[in-house]
Amino acid sequence: MVSAKGKVNIRDIFLGLQSQMRARLSLNRKILTHPVAKGDATELEWIDMLSAYLPSRYRADKAFVIDCEGSISDQIDIVIYDRHYSPFILKQNGATYIPAESVYVIIEVKPILNKAHLAYASRKAASVRKLKRTTAPIVHAGGKIDNPKKPFDILAGILTINGELSDKLKSVLTKLPPSKFLHFGCSLDHVSFWFKEGAYELSARDEALIHFFLNLLDQLQQLGTVPAIDLKAYVQALKKGKRRRS
């Protein structure tokens with residue numbers, strides 16, 4: 001990787017990282033045969049891989065997303081959310097519940113990239129984007145930010161093992177409404193794609209995973225920090241729930 005002139009081959013380094021990431025994802029594909037077990041294991045492998053390589057400010061989990069009005073999303077295979085500024089993450093009976101304000105990215109994991117799975121992932125995205133996200137002023141050492149940051153568009157995508165991104169699938173993707181829009185996808189053995197400047201940018205065949213991951217880091221960087229949660233809205237939800245029970 002290091003040349004005689006003291007230079008490093010950045011591509012070789014990233015492809016080496018991709019090899020490590022692929023190795024983390026491949027073992028259960030070879031060992032498990034039951035479809036449900038293999039599906040659950042694949043989700044966990046993607047979560048483990050993302051948890052290993054994402055910066056520590058982020059966390060990845062299978063979860064439901066909730067809002068201050070008591071609405072809840074479908075269960076999402078992978079939710080990438082804030083782990084520094086989120087005041088609460090709820091776990092009950094083996095399920096994880098994350099406030100909508102803390103969410104950066106939602107991902108569905110499927111075995112193959114096809115029209116049916118794109119439609120499924122887009123419906124899951126809509127179930128999260130319909131939730132209410134609050135914002136609040138931020139108090140800091142130098143004073144107070146009175147104009148709360150507006151919630152950004154939650155990124156959504158799909159991760160698969162096989163499947164090509166055909167022209168027909170591209171047409172399906174570009175016709176999705178904003179609530180169901182999918183920003184990215186990765187077919188591990190074929191290609192990854194990211195929506196940029198009005199079109200989907202595709203990876204080379206041997207760079208699908210690293211192309212997906214580096215673009216994910218870039219997009220997370222551009223989103224910045226999640227908005228501050230208006231905790232008063234959640235306090236009011238508690239009071240309303242108490243009155244309903246009385």
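How many bridges join strand β8 to β9? Four, and the two strands, with β8 covering residues 155-160, run parallel. Before going on, a word on what you're looking at: this is a predicted model, where local features need pLDDT of at least 70, side-chain atom pairs count only at pLDDT 80 or more, and totals for chains, interfaces and linings use all residues. Residues are numbered from 1 along each chain as its sequence is written, and side-chain values use heavy atoms, with hydrogens and water left out.

Strands here are DSSP runs of E with at least two residues, helices are runs of H or I with at least four, and both are numbered from the N terminus. Two strands pair if DSSP finds at least two bridges between them. Across this pairing, T160 sits opposite S187 in β9. Together with helix α4 (residues 167-174), β8 and β9 make a right-handed β-α-β unit; that is, with the strands pointing away from the viewer, the path from the first strand over the helix to the second runs clockwise.

Now follow β9 (residues 184-187) itself. In a regular strand the side chains alternate between the two faces of the sheet. In β9, F184 and C186 lie on one side, G185 and S187 on the other, and all are buried (under 20% relative accessible area, 1.4 Å probe, protein chains only). A three-residue hairpin then leads from β9 to β10, and four bridges join this antiparallel pair, with F184 partnered by W194.

Elsewhere, β1 (residues 58-66) has seven of its nine residues buried. Five bridges join β1 to β2, running antiparallel, while three join β1 to β4, running parallel.

Methods. Buried means under 20% relative accessible area, exposed over 50%, partly exposed in between (1.4 Å probe, protein chains only).
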